Amino acid sequence: MKKILAIVLSLVLVLGLFAACGTKTPSEGDGNTPVPAEKLKVGFIFLHDENSTYDKNFIEGAKAACETLGVEYIQKTNIPETNECYEAAVDLADMGCSLVFADSFSHESYLMQAAKEYPDVQFCHATGTQSHTSDLTNFHNAFAAIYEGRYLAGVAAGLKLNEMIEAGEFTADEAKMGYVGAYTYAEVVSGFTSFYLGAKSVCPTVTMDVQFTGSWYDETQEKEAATKLINGGCKLISQHADSMGAPTACENAGVPNVSYNGSTKSVAPNTFIVSSRINWEPYFEHIIYCVLEGKEIDNDFVGTIGTGSVELTEVNEDVAAAGTVAKLEEVKAALEAGEIHVFDTATFTVDGKVLDSYMADVDTDEAYTPDTEVVSDGYFHESEFRSAPYFAIKIDGINYLNEAF
């Protein structure tokens with residue numbers, strides 16, 4: 001019964017997304033002729049494999065969506081951000097895939113190259129920036145408002161800090177978190193800033209150190225980065241990097257950990273609190289429906305908590321502060337109702353000043369020229385002008401230990 005209810009709920013979410021699709025007749029553009037389910041093949045390109053929490057999250061979503069809808073799928077794993085991505089995309093198209101998806105930022109240019117050569121195939125890409133300015137009708141970007149999930153995870157972190165302060169483990173002015181980040185890209189900066197602001201909303205004295213690794217997946221470096229942060233006085237660690245390195249370091253040191261892309265409780269049962277993640281299954285089902293019905297795929301899709309695209313894992317109540325689950329439900333409801341804006345400019349400063357204007361590089365060019373005002377109505381409008389994050393501001397309270405990446 002639970003499985004049936006889950007499938008029904010999934011279909012309801014997808015139908016809501018599907019209703020937003022445009023309709024094109026075959027004469028209006030290539031690649032919009034309906035494809036029967038028994039003939040549809042979907043190709044997936046993943047940067048790593050299931051050993052990466054990032055890619056595992058995509059792989060599981062792809063499998064679930066295709067099995068729910070009864071379509072054939074082909075997966076290519078460990079495809080680097082090089083010409084191998086183009087070759088993989090071409091191979092999938094030549095194998096009869098009507099829909100091809102790639103999951104990593106720098107896959108984008110290679111996927112676009114394939115899209116130009118295969119106009120009858122739909123190509124979709126996560127975290128990219130170019131679909132809304134390209135003239136390719138068969139190339140699409142997608143992301144989610146994960147900053148809301150990160151904010152919620154930060155609330156859980158802040159509550160844990162408060163509990164530790166009240167227990168006398170350290171003082172309020174020693175409430176420092178650490179964050180293992182892959183790169184200084186906007187996606188990472190937006191993520192750790194929203195996490196910090198969530199923690200700060202309940203623990204106002206919190207600060208945060210960030211250590212970058214220069215790699216999406218390097219277990220040794222991530223473990224070393226987390227260890228450095230712990231040795232530097234950080235009382236809780238989170239991450240935007242894809243291995244079990246940081247959670248393992250936390251478990252070894254007995255330091256609470258908030259992870260990303262899925263639960264790390266299996267390797268850190270005594271320190272894992274919660275994880276935020278993008279649930280890609282609704283998007284995958286959405287784009288498959290579009291191809292099945294000959295509908296136009298969204299040019300630049302943003303999933304939300306409301307569409308089931310932003311989630312938290314189950315809270316590990318053996319580690320989390322008392323009352324965490326109830327507080328997260330309260331904040332989640334406020335986010336969905338628009339009562340809380342993650343990047344409310346009244347909640348942070350930049351060089352001691354309130355941010356009242358910011359020109360973001362939304363229409364990305366080679367010079368990363370700022371082109372769009374994104375601050376209005378008292379908050380920074382993240383992921384509203386394109387799906388991929390563009391919050392790249394260093395706010396007060398967050399200290400970068402290195403900036404080489």
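A crossing of two helices is called left-handed if the near helix is turned anticlockwise from the far one by less than a right angle, and right-handed if the turn is clockwise. In this predicted model, the crossing of helices H3 and H4 is right-handed. Helix H3 spans residues 83–94 and helix H4 spans residues 108–117, and their axes come within 8 Å and cross at roughly 35 degrees. On the H3 side the contact is made by Asn83, Cys85, Tyr86, Ala89 and Val90, while H4 contributes Tyr110, Leu111, Gln113, Ala114 and Glu117.

Another helix pair can be read in the same terms. Helix H5 (residues 146–166) packs with helix H10 (residues 324–336) at an angle of about 150 degrees, and the axes of H5 and H10 lie 10 Å apart. The crossing in which H5 passes H10 is again described as right-handed. From H5, the residues Glu148, Tyr151, Leu152, Val155, Ala156 and Leu159 meet Thr324, Lys327, Leu328, Val331, Lys332 and Leu335 of H10. The contact of H5 with H10 divides into 8 nonpolar, 1 polar and 3 charged residues.

At the level of the whole chain, the assignment gives domain 1, made of the segments 33–145, 281–292 and 297–302, and domain 2, made of 146–274, 311–348 and 383–400. The centres of domain 1 and domain 2, taken over C-alpha atoms, are separated by 29 Å, and the contact between these domains takes 22 residues from domain 1 and 19 residues from domain 2.

The size of an interface is often given as the accessible area lost when the parts come together. For domain 1 and domain 2 the buried area is about 1600 Å², and carbon and sulfur atoms give 58% of this area. Within domain 1, the residues that lose the most area to domain 2 are Thr53, Phe143 and Ala145, which together account for 39% of what that side buries.

One of the salt bridges joins Asp209 to Lys176, with the closest N and O atoms 3.2 Å apart. This pair links distant parts of the chain, since Asp209 belongs to strand S8 (residues 207–212) and Lys176 to strand S7 (residues 176–181), the two residues being 33 residues apart.

Definitions and conventions. Residues are numbered from 1 along each chain as its sequence is written. This is a predicted model: local features need pLDDT of at least 70, side-chain atom pairs count only at pLDDT 80 or more; totals for chains, interfaces and linings use all residues. Side-chain values use heavy atoms; hydrogens and water are left out. Axes are lines fitted to C-alpha atoms, for helices over the stretch in contact, and angles run from 0 to 180 degrees between N-to-C directions. Helices (H or I, at least four residues) and strands (E, at least two) are DSSP runs, numbered from the N terminus. Contact means heavy atoms within 4.5 Å. Domain bounds come from an automatic or database domain assignment. Buried area is the accessible area (1.4 Å probe) that two parts lose on being put together, summed over both. A salt bridge is a side-chain nitrogen of Lys or Arg within 4 Å of a carboxyl oxygen of Asp or Glu. Ala, Val, Leu, Ile, Met, Phe, Trp, Tyr, Cys and Pro count as nonpolar, Asp, Glu, Lys and Arg as charged, and the others, Gly among them, as polar.
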